[in-house]
Amino acid sequence: MKVACTGASGFLGPGLVQGLLDAGHTVHVLSRNVEHALGRLPAGVTGSYFDGSTPLSPDALAHAEAVVHLAGEPVDQRWTHEAKQRIHRSRVEGTRVLVEAMKQAGSVRHFVCASAVGYYGGAREAQSLTEEDAPGDDFLAHVCQGWEAEALRAAEAGMRTVRLRIGVVLHPAGGVLHRMLPVFRMGAGGRVGNGHQYVSWVHRADLLALMRFALEHPTLEGAMNATSPEPVTNATFAHTLGTVLERPAMLQVPGFVLKARFGEMARVALEGQRVMPRRALEAGFQFQHPDLGEALRDLLPPAGS
């Protein structure tokens, strides 16, 4: 089928597009810089302009049967007033504009929309969270609630809608792991804060597979946690990464240091959530990298191997 994708030039996009092409789908990307996006993607992919605020052209979703929505302002930045506005606008308003275009197109039957485990809020300690648990009450939780509410407009219009609540995505090419590696490789890594907070992580390959699984299984809809079934504490994460890299990981980043650098955004790293992918497992999805140590060894093979 023809699948339209936003965020196709980002951390997840190229891998998703390649997987869709390998599965026999055709792909049309929606991007604010179509030329740049297509330059990062295989031949045969087409594109239309989409900036998340202005209405899409009538042709942008022509004949598209499915949409995967990944675009949004990065959350891992200092949350100034202006940054919060950008984060909220890109996710909530951007999804609203996209859903309106999907409704007008009349051909879209499947919608997979990214969300985040931030939906559950912080300070949940070791509580095991599934898709049935209530949302949190902090900034990121409110963003996710608004984001998902706009996605649900597609469901109300008769489109099968899956809202993927994505955890910490692991791959050395980007995200948290990319930023951590230089410090840990120098032997200067360690836990953040008290280290008791949980990290709900997922290997990038498993996340991409889960996106395709959600897209291609017509009985799936609603919220779905996109995290490994084996979340770990921050202290365990740091120890495991150090072990895989064969470097000490005994240092600690005090919470006040993180707060001084990132302000309110530091809560994401200092509080965390213990999120379980119950609906994915019940639907029969099989994680290829459920164990953190194995996942990191897959992502970070020894030099020369």
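## Close-up views of a predicted model

**View 1. Strand E1 and its neighbour E2.** Start with Lys2, which stands opposite Thr26 in E2. This pair belongs to a model that is predicted, so please read every view with that in mind. Strand E1 covers residues 2-6 and strand E2 covers residues 26-31; the two pair in the parallel sense over five bridges. Is E1 mostly covered, or mostly open? E1 is mostly covered, since four of its five residues are buried.

**View 2. Strand E1 and strand E4.** Here E1 is joined to E4 (residues 66-69) by four bridges, and these strands run parallel. Look for Ala4, which stands opposite Val67 in E4. As you trace the strands, remember that in a regular strand the side chains alternate between the two faces of the sheet.

**View 3. The open sheet.** Seven strands line up in the order E3-E2-E1-E4-E5-E7-E12, with parallel pairing, to form an open sheet. Which strands stand at the edges? They are E3 (46-49) and E12 (222-226); each has a single partner strand, so one side of each is left without a neighbour in the sheet. From one strand to the next, the twist averages 20°.

**View 4. Helices on the sheet.** Helix H4 (residues 139-156) lies across E4, E5 (110-116) and E7 (160-166), and runs at about 175° to E5. Helix H6 also packs on the sheet, where it touches E1, E4, E5, E7 and E12. The direction of H6 makes about 165° with that of E7.

**View 5. Helix H1 meets helix H6.** The axes of H1 (residues 13-22) and H6 (residues 204-216) come within 10 Å and cross at roughly 50°. That angle makes H1 oblique to H6. The crossing of H1 past H6 is right-handed. On the H1 side you can find Gly15, Leu16, Gly19 and Leu20, and they meet Leu208, Met211, Arg212 and Leu215 of H6. Sorted by class, this contact has five nonpolar, two polar and one charged residues.

**View 6. Helix H5 meets helix H7.** H5 (residues 175-185) and H7 (residues 234-245) pack at an angle of about 65°, and their axes are 11 Å apart. H5 passes H7 in a right-handed crossing. Leu177, Met180, Leu181, Phe184 and Arg185 in H5 meet Phe237, Ala238, Leu241, Gly242 and Leu245 in H7. By class, the contact has eight nonpolar, one polar and one charged residues.

**View 7. Thr243 in helix H7.** Thr243 lies in H7 and is partly exposed, with a relative accessible area of 47%. Its C-alpha atom is separated by 36 Å from that of Val143, 100 residues apart along the chain.

Key: Residues numbered from 1 in each chain as written. Predicted model: local features only at pLDDT ≥ 70, side-chain atom pairs only at ≥ 80, totals over all residues. Heavy atoms only, no water. Axes fitted to C-alpha atoms, helices over the stretch in contact; angles between N-to-C directions. Left-handed = near helix turned anticlockwise from the far one by under 90°. Contact = heavy atoms within 4.5 Å. Nonpolar A, V, L, I, M, F, W, Y, C, P; charged D, E, K, R; others polar. Parallel < 35°, antiparallel > 145°, perpendicular 65-115°, else oblique. Buried < 20%, exposed > 50% of the residue type's maximum accessible area, 1.4 Å probe, protein only. Pairing = 2+ DSSP bridges.
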